[in-house]
Amino acid sequence: MCEMKVSFSRKGFDSKNGGQPNAILPDGTLLPFPIPDSTGKDRYNSLVIDHRSFFDIISELRPRTQLKRDGGCHLDPDLIMEVKYRKEGWKPAFGQADQSLSELRNNDFGEGDLFLFFGWFRETEYVTGKLRYKRNAPDIQLIYGYMQVGSILSGDNDIPDWLMEHPHVGRIKEGSRSDAIFLPTEHLDFLPVAPGASMLKFSPELILTASGMTRSKWKLPDFFKEIKIGHSPKQPENKEYFQSATIGQEMIWECTEEAIGWIKKICQLHVV
């Protein structure tokens, strides 16, 4: 019997925060863009992947972006080591706060449970040397990363030095009980060859959105018909698709033995 809880955790740019799809790069790299945050210590022009700043990539994909080159952003979940300078001891981290954190706590979501991070993505391509969203490529929601919870830091814990730049540390140090930072296991309990948290490489298996439908309409394996997913609205009678929640960050469900096989296939796409 599987006792693990799973949360489909919505992150990255959306229609209100950033206003454009996150990027499936031509080589299959999944690049979620951190949402704008005027108080954030990180800047779009200081985060780098493959020698290019996030701002350069964002603005090339959307030349009329309202974001500022040196605008602050909320790098969370923080899963890609190479995007900035790291202090010794760094590991992936994910912060949550306020209502979304209360929901996790109310569902006893904690050590050993699994986040599957998903968001709004679109394929990209190079046209005359410039990166563009691929013409006629659909807007989709897909899973881009994961974290199995190894420990949770809150106001009662000492914050390690390597974590001090995380966007939730400030409020935790001020004594907030409405913030927490989740840290991963070293390896997945159910798939020891995979790290406890990782980005994923693009594969059709990661796509949640049903083909030809709007991005909140999902095609999930049949076993999900027996699983209650948090925030789910009333489902269509024909059940040709699963209607996911259009709002809310954490969509929590009880894992089953059948679901473990599906999750293993996803996590095997981790980026080494």
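This is a predicted model: local features need pLDDT of at least 70, side-chain atom pairs count only at pLDDT 80 or more; totals for chains, interfaces and linings use all residues.
Residues are numbered from 1 along each chain as its sequence is written, and side-chain values use heavy atoms, with hydrogens and water left out.

The structure has 21 aromatic pairs. Rings of Phe, Tyr and Trp (its six-membered ring) pair if their centres lie within 6.5 Å; planes under 30 degrees apart are called stacked, over 60 edge-to-face, and the rest tilted. Take Phe13 and Tyr44: their pair is edge-to-face, at 6.4 Å centre to centre and 75° between the planes. Phe13 sits in the loop between strand S1 (5–10) and strand S2 (22–24), and Tyr44 in the loop between strand S5 (42–43) and strand S6 (48–49), so the pair links distant parts of the chain, 31 residues apart. A quick word on those labels: helices (H or I, at least four residues) and strands (E, at least two) are DSSP runs, numbered from the N terminus. Both Phe13 and Tyr44 are buried, where buried means under 20% relative accessible area, exposed over 50% and partly exposed in between (1.4 Å probe, protein chains only).

Trp218 and Phe242 form a tilted pair, 5.9 Å centre to centre with 50° between the planes. Because Trp218 lies in strand S17 (residues 217–218) and Phe242 in strand S18 (residues 242–243), this pair ties together parts that are 24 residues apart in sequence. Both Trp218 and Phe242 are buried.

What about the nonpolar core, meaning a set of buried Ala, Val, Leu, Ile, Met, Phe, Trp, Tyr and Cys residues joined through side-chain atoms within 4.5 Å? The largest one has 74 residues, and those with the most contacts inside it are Phe8, Phe33, Ile143, Trp253, Trp262 and Ile263. Strand S12 (residues 140–153) gives the largest share of this core, seven residues. Apart from it there's another core of ten residues, including Trp90 and Val169.

Next, find Lys11 in the loop between S1 and S2. Is Lys11 buried or exposed? Lys11 is buried, because its relative accessible area is 9%. Its side chain joins that of Gln249 through a polar contact of 3.2 Å. (A polar contact is a pair of N or O atoms within 3.5 Å; within protein, one must be able to donate a hydrogen and the other to accept it, and residues adjacent in sequence count only if both atoms are side-chain atoms.) Not counting residues up to four places away in sequence, Lys11 also touches Asp76 and Pro77, among others; touching, or contact, means heavy atoms within 4.5 Å.

Most residues other than glycine have a negative phi, and most peptide bonds are trans. Yet a cis peptide bond joins Asp76 and Pro77, with omega about 5°. His51 isn't a glycine, but has a positive phi of about 70°. His51 is in the loop between S6 and strand S7 (52–53), and counts as exposed because its relative accessibility is 82%. Asp108 has a positive phi too, about 55°, and is exposed because its relative accessibility is 60%.
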